[in-house]
Amino acid sequence: MKKITKPLAVILSLLILMCSFAVSVSAADSVEVKGNFDYNNASEMLRLVNNLRAENGAGKLEMDMTLVNQAMIRAAECAVSFSHTRPNGKSWSTYTSWEMTGAENISMGYSSAQSSVNGFWNSEGHKRNMLDSSFTKVGIGCFISSKGTYYWAQEFSAGAVREKFSENGTRPVRVNVALQGDNTTVEFLDSSEEPSKTAPTTPENTKPQTKPTETEGTKPSQTKPTEQKNTNPSQSTPTVPKVTEPTQKIPEIASVKLSKENYVYNGKNCTPSVTVKDKDGKSISPEYYVVFYPKYRSKVGRYSVKVLSMADSKFYTAGFTINPKATKIKSVSASKKKLSVKWSKVKKEISGYKIMYSTKKNFKSCTKTLTVGKTKTSKTIKGLKKGKKYYVKVRTYKKINGKCYYSSWSASKSKKVK
């Protein structure tokens with residue numbers, strides 16, 4: 001890993017000037033970034049910020065899970081474009097839901113919550129945001145890229161917490177960051193795909209950084225962070241505009257549908273696309289929601305895909321199933337009142353096999369079923385009627401927490417009993 005010998009203490013501060021949503025009609029192109037969402041670092045930053053607020057007479061901030069989800073993605077977006085302008089060219093405020101809009105602080109290059117807070121503290125605009133008493137809740141994002149660079153985002157807001165912060169640890173993710181439109185998706189990876197958990201070998205200084213280094217959009221001589229000016233020059237402390245309704249109303253989600261609801265196990269993660277519609281049956285632009293895929297979704301079982309709505313900050317869920325791989329009958333042989341059935345072995349993700357036999361070709365009546373273990377690849381069916389023709393088919397099954405998941409039936413084969 002490349003050593004970081006000097007912190008990229010790049011910090012920007014933005015006081016919100018509310019703008020209307022613009023629905024993108026162009027095709028959504030994206031860039032993939034891998035890394036980790038670090039919830040422990042987010043919790044540590046909250047503790048540090050609240051200590052500073054307590055020392056300066058400001059109320060305690062609470063962590064809001066919806067804002068945390070937004071902040072984590074904003075931090076990941078900063079790995080693509082370190083700016084309050086998102087990679088798709090829009091303001092950061094077009095990502096957060098309207099009633100939650102307040103202010104945003106972002107930084108990069110600091111490998112600890114303490115050093116990042118120190119950097120914010122030594123910039124007047126960021127410091128004012130952290131101490132603003134009108135804010136009552138916050139979402140903090142910490143994204144560690146696969147190269148080991150840390151990106152931080154603080155999303156401040158007022159009002160009651162919708163959902164309490166409940167995460168901990170570090171979760172590997174793949175974020176597809178929208179460059180056009182707003183089709184940003186988050187995919188939690190399983191541990192085998194985890195890009196990195198290692199911090200830079202030379203951590204940044206934890207002492208306050210009095211002169212952050214500006215690396216984007218500034219002249220070489222500029223040492224202070226860029227800050228959007230207050231609309232009222234006479235005010236020494238920023239004020240947050242009180243906006244209750246956006247220019248364009250955000251559509252509310254009525255239904256979420258997946259492109260595919262049933263898969264056959266192949267050992268790979270399944271990722272169905274999502275179609276979201278409003279109450280009138282019209283498709284909602286991806287600009288107004290974010291899709292979260294489950295961390296593990298390659299084995300047999302039932303999975304949920306969550307969609308975070310920007311209209312009401314609620315999660316909407318749709319599900320898909322991964323079923324076991326099917327088998328094939330190799331042969332059926334007859335003997336005295338018996339049939340011997342042989343089939344191909346399925347090696348993974350099954351609990352056993354179900355064998356159905358009947359004197360009816362359509363299996364609608366006169367049927368019986370046998371169950372055999374997963375190590376078996378043959379079965380002798382006894383007690384059959386002499387001279388009768390029997391039809392046989394086989395399928396696999398997997399039992400998980402009392403529920404069985406079945407493959408499709410094999411093609412049937414028939415034989416007359418001797």
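Here, buried means under 20% relative accessible area, exposed over 50%, and partly exposed in between (1.4 Å probe, protein chains only). This is a predicted model, in which local features need pLDDT of at least 70 and side-chain atom pairs count only at pLDDT 80 or more, while totals for chains, interfaces and linings use all residues. Residues are numbered from 1 along each chain as its sequence is written, and side-chain values use heavy atoms, leaving out hydrogens and water.

**Figure 1. The whole chain, before we zoom in.** Of the 418 residues in the chain, 49% are buried. The chain holds four helices and 22 strands, taken as DSSP runs numbered from the N terminus (helices H or I, at least four residues; strands E, at least two). Contact means heavy atoms within 4.5 Å; among contacts between residues at least 6 apart in sequence, 70% join residues at least 24 apart.

**Figure 2. Val307 and its surroundings.** Val307 sits in strand 13 and is buried, with a relative accessible area of 0%. Beyond its neighbours within four places in sequence, the contacts of Val307 include Ile253, Val274, Tyr289, Val291 and Phe315.

**Figure 3. Asn323 in strand 14.** Asn323 belongs to strand 14 (residues 315–323). Asn323 is buried too, with a relative accessible area of 16%. Not counting residues up to four places away in sequence, Asn323 touches Asn262, Tyr263, Val264, Tyr265, Val300, Tyr405 and Tyr406.

**Figure 4. The second largest pocket.** A pocket is an open set of points on a 1 Å grid over the protein atoms alone, where a 1.4 Å probe fits, with protein on both sides within 12 Å along at least five of seven lines; lining residues have an atom within 4 Å of a point. The second largest pocket has a volume of about 270 Å³, the space filled by probe spheres set on the points. Its lining has 14 residues, and Glu167, Arg171, Phe188, Lys306 and Phe315 are the closest to its centre. Helix 2 (65–78), strand 12 (289–293) and strand 13 (301–309) each give two or more residues to this lining.
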